[in-house]
Every structure is written in C-alpha cells, then in structure tokens.
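Student: Let's go through this structure by question and answer. Please keep it brisk.

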Amino acid sequence: MAFNQNNAQAKQREQNEKVADTARANLGNAAEQNTQLVDAAQDGLNKMADLREQASENAQKIVQRSVETASQQAREAAERFTRTLGFTGEDSERLARQSKQNLEAVTRCGTVLTHAVQDASRGWFGLAQSQWQRNLDGLSKLARARSVQEFTAIQSELVRESLQHFVQDSRAITETSARAVEEAGKAFSQVAQSPTLVR
C-alpha cells in the first residue's frame, strides 16, 4: 500500500514537473516573441519617423511655393492694374505701398502658418510615436504579470497613463497652434492699422 502511495506521489511529482517545464518553455517562447515584436515595432517607428520628416519637409515646400506664387501674381496684378488705370504720382506710390504691405503680410502669415503646420505635424507624429512606444512597454509589463489581479491592475494603469499623456500632448500642440494663429493675425492687423491704406 505504501508502495502504491509512493508510486502515485512520484507520478504526480513527475506530472507537476512536466507542467512546470511546459509553462517555463511557453513563458520563454512568449518572451522571445515579445522581444521580436518590440524589435519589429521599433523598426516600424523608425520608418514612421523618417516618413514624417519627409512629409513635413514636403508640406513646408508646397506651402512656401504657394505663398511665393500668390505673392508674385498679386504683385503683377497690382502693377497691371496701376498701369491700366493710369495712376501716377502720389496715388501710385500709395497704392504701391499698400500692395507691398499686403503682400508682406500675406508672406509673413504664410511663413508663420507653414511653420505652425510643420510643428503641429511633428507634434502629432511625436505623440503617435510616444504612444506606440508606451504601448509596447505596456505589453511587456502585461506579459510579465503573474496573476489575473496583477494583469488587471497593470492594464488599468496603462489606460490611465495613456489618456493622461494624450491630454498633455494635445494641450501642448493646441497651445503651439494657437500662438501661431495669433502671430499670423498680428501680421494682418499691422497692415489694417497702417495710415497708407486706401479707404
């Protein structure tokens, strides 16, 4: 009887060891897969950053060319208009100054808005990149959880942190954009207050 009991205990220990070995192997495989996932995600983040930089540069060039083209066309139109109407002397100079000031304001505004778009674009891409990295770190934390309670606690903390970072980053981007719009508005208000304008 004691022999059967010892034999049953030995078999139970052997089964427990097999289960433990399988669990360790599965954890090792999961850790390896998690490492591969993190590496692949990091590579993806690097590629996203490169694409973001290219997109920002292209957007800035497009906006800058558009503003330059609009300024040049407005100058040419003002010159044709002045020649057609035959303005001379003081009227011609006043209209030329007014046109120049308007074009300078448009150019300043275009430059400010170009930089604002570029800064906002960088900010949003940076936000996405940071959030992606935090998500990867969170997955690593979740993979190391040893119980359902620990998993739930980590998950709720990650959700809270994610929303907190989103609010903070969004606020910073919004404040930067608001300052840019205010600066662009100043370019126009300075022209509108100029005494050389035709009323």
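**Surface patch, fold and salt bridges**

Tutor: Trp124, Phe166 and Val167 form a nonpolar surface patch, with about 290 Å² of accessible area together. Patches take residues with over 30% relative accessible area and no salt bridge; like charges are joined within 9 Å, nonpolar side chains (Val, Leu, Ile, Met, Phe, Trp, Tyr) within 5 Å. Accessible areas come from the Shrake-Rupley method with a 1.4 Å probe, and for residues only the protein chains shown count as cover. The model is predicted: local features need pLDDT of at least 70, side-chain atom pairs count only at pLDDT 80 or more, and totals for chains, interfaces and linings use all residues. Residues are numbered from 1 along each chain as its sequence is written, and side-chain values use heavy atoms, with hydrogens and water left out.

Student: Is Val167 buried, partly exposed or exposed?

Tutor: Val167 is found in helix α3, residues 148–192. Buried means under 20% relative accessible area, exposed over 50%, partly exposed in between (1.4 Å probe, protein chains only). Val167 has 45% relative accessibility, so Val167 counts as partly exposed.

Student: What pattern does the protein follow along the sequence?

Tutor: Helices (H or I, at least four residues) and strands (E, at least two) are DSSP runs, numbered from the N terminus. The protein has three helices and zero strands. Read along the sequence, the pattern is α-α-α.

Student: What share of the contacts between residues at least 6 apart in sequence joins residues at least 24 apart?

Tutor: Contact means heavy atoms within 4.5 Å. Of the contacts between residues at least 6 apart, the share joining residues at least 24 apart is 84%.

Student: Which residue forms a salt bridge with Asp169?

Tutor: A salt bridge is a side-chain nitrogen of Lys or Arg within 4 Å of a carboxyl oxygen of Asp or Glu. The closest N and O atoms of the Asp169 pair are 4.0 Å apart, and the partner is Arg134. The pair links distant parts of the chain, 35 residues apart: Asp169 lies in helix α3, and in helix α2 (residues 89–143) lies Arg134.

Student: How many salt bridges does a search of the whole structure find?

Tutor: Another pair is Glu161 with Arg160, the closest N and O atoms being 3.9 Å apart. Across the whole structure, the search finds three.
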